[in-house]
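I opened my notebook for a slow walk through this model. Here is what I looked up, entry by entry.

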Amino acid sequence: MTPTILRKKENLFYILLFALLFMSPVVAEYVNSQMVGHGSFRWKDVLDVWRIFAIYLAAFIVHNALAAPILIYKQKKLKYALSVLALMVVFFLAQCATRPDFAPPHDEHFKTEMAAQHHAPHHDKAADQPCQTAHRTPAHPPKGPRHGPPLLFGQTDVVGGIMLFFMLGLNLGVKLYFKQDDVRQQIAALERENLTHQLEFLRYQINPHFFMNTLNNIHALVDIDPERAKSSIVVLSKMMRYVLYEGNKKLIPLGREIGCLNNYVALMRMRYTDRVSISLDLPQPAEGEDRQPVVPPLLFITFVENAFKHGVSYQHDSFIDISIEQQDDRVLFSCRNSIAHLANSEKGGVGLANVGKRLQLIYGTDYDLQMADEDGVYSVKLLLPANTAEPTAAS
């Protein structure tokens, strides 16, 4: 998801939030008019509430567009604090300027009492004279404490300030959420990119190692049997084509990997005598590559290469058994070889050390690799998911 889409989703959230806020007085007035009975819908009261909400909306827009990015994206706390302080000062001034006119309760009582006396029936002036003198209502309301709000800040202003504070906090929280979502997506993209680089690095390690051993094999045949050396060069060219066009893909059809194994074993057969027993049990690929399981390229050949490197002895009989079996939704690769116990022989090597990394990067934990060294026999069993999806593009 691109940052533009995230911003659109964030703005859509704000629009829906304020739409609900501005609809609330309309709903409240409608419910109130229905409860009264035949009461009329008073749009004036709704407009008065909307005028107050408009101040909050303006403050929110300024904070969202100007102040919040200073803290969220630029991390300038002091500048953000000063901008919020200036915003709240303007908010309080706007709230005071739009404060409705206030009529003290005693003024209303005075007006009501004067109206009642004006419409009262008249009695005998002479009889009523003492009473009128004793109980004459003063011409002005009695002086008392002021019931209106102070000149600048009152209870309404304090409540408004608290509401503004929480509204700005909500704005920061939503912005942080969408920013974290953007950061998570960037991290995921970097991890995918890192995965690609790791796979490429491992392939670059495998290919030179593989061709180094193969060229050494051909070099050994040049003096022994030049014709077989020429044939091996033809087979090697097929393998180079395979590595060039298939090795840069994440997964390939199983039939192509089997073809590469056959070519590699053919090269090995040219080098070794009959004292090395080589057994291959590879399935015949199904017609149509879209129906074949897919596997990582140059994966199985790493184990086969290791078997020839450490399992062949020129002094004793040796064997190498290689098999691939399709089991429902799994592919089982098996390789067994004798152990030559060569001097200064390294177990594993560059290619074998990278196999576990490649498997983890591609399959995670959805694979089973078992390697054992028992009674002079080294065995490898690798169980992979037999996905039949189309091979993925080059990673």
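**Ground rules.** I count two residues as in contact when heavy atoms lie within 4.5 Å. This is a predicted model, so I kept local features to pLDDT of at least 70 and side-chain atom pairs to pLDDT 80 or more, while totals for chains, interfaces and linings use all residues. I number residues from 1 along each chain as its sequence is written, and side-chain values use heavy atoms, with hydrogens and water left out.

**Ile324 first.** I set aside residues up to four places away in sequence and listed what Ile324 touches: Leu254, Ile258, Leu261, Asp281, Leu282, Pro283, Phe300, Val331, Leu332 and Phe333.

**Overall view.** I found 10 helices and seven strands in the protein; helices (H or I, at least four residues) and strands (E, at least two) are DSSP runs, numbered from the N terminus. I call a residue buried under 20% relative accessible area, exposed over 50% and partly exposed in between (1.4 Å probe, protein chains only). Of the 395 residues, 35% count as buried. The protein exposes about 24,900 Å², and carbon and sulfur atoms supply 61% of it; these areas come from the Shrake-Rupley method with a 1.4 Å probe, and for residues only the protein chains shown count as cover. Among contacts with a separation of 6 or more, 77% join residues 24 or more positions apart.

**The cores.** I define a nonpolar core as a set of buried Ala, Val, Leu, Ile, Met, Phe, Trp, Tyr and Cys residues joined through side-chain atoms within 4.5 Å. Which residues have the most contacts inside the largest core? They are Phe300, Phe308, Ile324 and Phe333, in a core of 47 residues. Helix H8 (residues 254–271) gives the largest share of this core, eight residues. I also noted a second, separate core of 26 residues, which includes Tyr56, Ile70, Leu168 and Phe178.

**Aromatic pairs.** I pair rings of Phe, Tyr and Trp (its six-membered ring) if their centres lie within 6.5 Å; planes under 30 degrees apart count as stacked, over 60 as edge-to-face and the rest as tilted. That rule gives 13 aromatic pairs. Why is the pair of Phe300 and Phe333 stacked? Their ring centres are 4.6 Å apart and their planes are at 5°, so the pair meets the stacked cut-off. Phe300 lies in helix H9 (residues 300–311) and Phe333 in strand S5 (residues 330–338), so this pair ties together parts that are 33 residues apart in sequence. Phe300 is buried at 1% relative accessibility, and Phe333 is buried at 0%. Elsewhere, ring pairs link Phe13, Tyr14, Phe18 and Phe60 into a cluster.

**Helix H9.** I checked its span: H9 has 12 residues and reaches 16 Å from its first C-alpha to its last, close to the 16 Å expected at 1.5 Å a residue. The expected span is 1.5 Å times one less than the number of residues. Since 11 of the 12 residues of H9 are buried, the helix is largely enclosed by the rest of the structure. The buried ones include Glu305, Asn306 and His310.

**The way into H9.** Leu298 is found in the loop between strand S3 (294–295) and H9. Leu298 is buried at 5% relative accessibility, and has a positive phi of about 55° although it is not a glycine. I reminded myself that most residues other than glycine have a negative phi.

**Strands.** I count two strands as paired if DSSP finds at least two bridges between them. Strand S2 (residues 276–281) and strand S4 (residues 318–327) run parallel, joined by six bridges, with Ile278 opposite Ile320 in S4. S4 and S5 pair in the antiparallel sense over eight bridges, and Ile322 has Cys335 in S5 as its bridge partner. The hairpin of S4 and S5 has two residues between the strands, and Asp328 takes a positive phi near 50° there.

**Helix H1.** Is Glu10 buried or exposed? Glu10, in helix H1 (residues 3–36), is buried at 4% relative accessibility. Leaving aside neighbours within four places in sequence, Glu10 is in contact with Asn64, Val174, Lys175 and Phe178. Phe13 is also found in H1, but is partly exposed at 37%. Phe13 and Val174 are 161 residues apart in sequence and 9.0 Å apart in space, C-alpha to C-alpha.
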